[in-house]
Amino acid sequence: MINRFIALGLISLVTFGCKKEKQVVSVNEQGQEMVVNEHGDTVVWTDNSAIVADTDNSVFQNNTDLSTSAPNSSQSGKALAPDTQGLYNFHFELVKGEEYPFSISSNTSNTQKLGTESMTLRQNQVTSLVYKVKDVTPTGYLLEVTYKRFQESVTDGKETLGFDTNAGEPKDEAGKMRWKFNKALVGNSFTMDVSNRGNVNRVDGLEAIRSKARNSISTGLNAEERKGLDEFLKMSINEEMMKAMFEESFAYYPPKPVRVGESWDRTEGDKNASAKVTYTFTGVNNGIANISVNGSSTGSDSETVNEGPQKGLKLSRKLTGSVKGNLQISERTGWIQTANLDRTENLSITQQFENQKETMTSTTTTKTKIN
């Protein structure tokens with residue numbers, strides 16, 4: 001999920017009245033002096049290494065891909081400030097030492113029907129993190145990420161199971177194990193080097209977190225179970241997972257500068273299924289940038305069992321879905337303030353064997369809130 005934060009810090013659209021002071025960072029093999037330009041790139045020093053933006057020929061055009069160039073901060077001091085053409089270049093403007101919360105909660109209801117029988121399950125989940133800016137780098141930020149809370153619960157209307165790391169240990173064995181695992185994570189931190197557009201460059205400190213989680217739940221496990229636990233920890237707490245978690249959390253950033261009222265799409269899919277989400281930048285009010293979200297998904301496939309006791313069984317699946325909501329982004333920092341998303345998915349699975357045919361349907365609704 002590439003370059004979600006392709007948002008640009010402002011290069012002010014003015015002509016600089018003097019040359020940039022030369023700050024040599026290295027010398028290349030040809031003996032030429034290397035400097036860091038306004039984009040944060042290391043280049044050969046020339047008298048025009050300092051970027052000059054002409055107001056009649058702005059470096060920002062609406063069709064410019066921002067995935068590879070952006071200064072670390074805007075001269076306005078705001079993450080979301082329009083240039084002279086009314087274009088907003090989404091990026092972070094975070095402050096060293098400050099903390100930025102990120103808490104995501106979801107309430108899901110799933111109803112399955114088969115013939116005259118039906119069953120409904122409801123699930124609630126909460127994950128809370130805090131990102132603290134440890135340092136400001138030439139291209140972005142070094143963030144310290146600390147786990148604060150995990151909560152899960154599921155009910156069928158008769159029985160409720162789950163845990164909350166802010167509460168005591170559950171009595172049921174499954175909840176107890178989940179509680180111990182997540183409780184071991186709470187309060188622990190790792191670091192993440194990110195660009196000011198949110199691309200994750202490096203993640204450090206995960207092995208120490210895996211070790212604490214392993215020690216908290218490995219008591220009483222045999223050698224084979226410990227091996228399985230180690231494999232689970234490596235799959236669930238690794239650099240790629242942490243990168244995806246962060247970048248997906250800010251997938252709404254537009255890939256190019258946008259004006260108020262402009263939209264951009266995010267699409268995914270293959271030959272059997274596709275999804276499209278449209279984001280629209282609706283404006284800035286009282287220090288908050290507003291983005292509306294509308295999306296849909298469709299999919300279908302079928303197969304026939306060609307061997308075994310179920311040979312001849314035909315299966316077909318059909319999926320439709322929709323998502324709608326809004327996002328509110330801090331004009332000053334570019335950090336998400338709040339988000340509310342409503343998602344619905346309808347799945348039908350039909351099985352046919354000889355003259356018998358039955359269809360199972362599943363309807364899932366999810367309400368997601370951030371911060």
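This briefing covers selected strands, helices and residue pairs of one structure. The model is predicted, so local features need pLDDT of at least 70 and side-chain atom pairs count only at pLDDT 80 or more, while totals for chains, interfaces and linings use all residues. Residues are numbered from 1 along each chain as its sequence is written, and side-chain values use heavy atoms, with hydrogens and water left out. Helices (H or I, at least four residues) and strands (E, at least two) are DSSP runs, numbered from the N terminus.

**Strand β4 and Ser106**

- Ser106 lies in strand β4, which covers residues 99-114.
- Ser106 is buried, because its relative accessible area is 13%; buried means under 20% relative accessible area, exposed over 50%, and partly exposed in between (1.4 Å probe, protein chains only).
- Leaving out residues up to four places away in sequence, Ser106 touches Gln123, Asn124, Gln125, Thr366, Lys367 and Thr368, where contact means heavy atoms within 4.5 Å.

**Aromatic pairs**

- The structure holds 21 aromatic pairs.
- One of them joins Tyr100 and Trp335, a tilted pair with 5.6 Å centre to centre and 45° between the planes.
- Rings of Phe, Tyr and Trp (its six-membered ring) pair if their centres lie within 6.5 Å; planes under 30 degrees apart count as stacked, over 60 as edge-to-face and the rest as tilted.
- This pair links distant parts of the chain, 235 residues apart: Tyr100 is in strand β4, and Trp335 is in the loop between β13 (314-330) and β14 (336-353).
- Tyr100 counts as buried at 5% relative accessibility, and Trp335 is buried with a relative accessible area of 2%.

- Strands β6 (residues 140-155) and β7 (residues 160-164) run antiparallel and are joined by five bridges; two strands pair if DSSP finds at least two bridges between them.
- Glu152 has Phe163, in β7, as its bridge partner.
- The hairpin has four residues between β6 and β7, and Gly157 in the turn has a positive phi of about 95°.

- Lys183 is found in helix α1 (residues 173-185) and counts as partly exposed, at 37% relative accessibility.
- Lys183 and Arg149 are 34 residues apart along the chain, and their C-alpha atoms are separated by 8.1 Å.
- Helix α3 (residues 223-236) has 14 residues and should span 20 Å at 1.5 Å a residue, which agrees with its end C-alpha atoms being 20 Å apart; the expected span is 1.5 Å times one less than the number of residues.
- At the start of α3, a side-chain oxygen of Asn222 reaches to within 3.2 Å of the backbone nitrogen of Glu224.

Note on methods. Polar contact = N/O pair within 3.5 Å; in protein donor to acceptor, adjacent residues only side chain to side chain.
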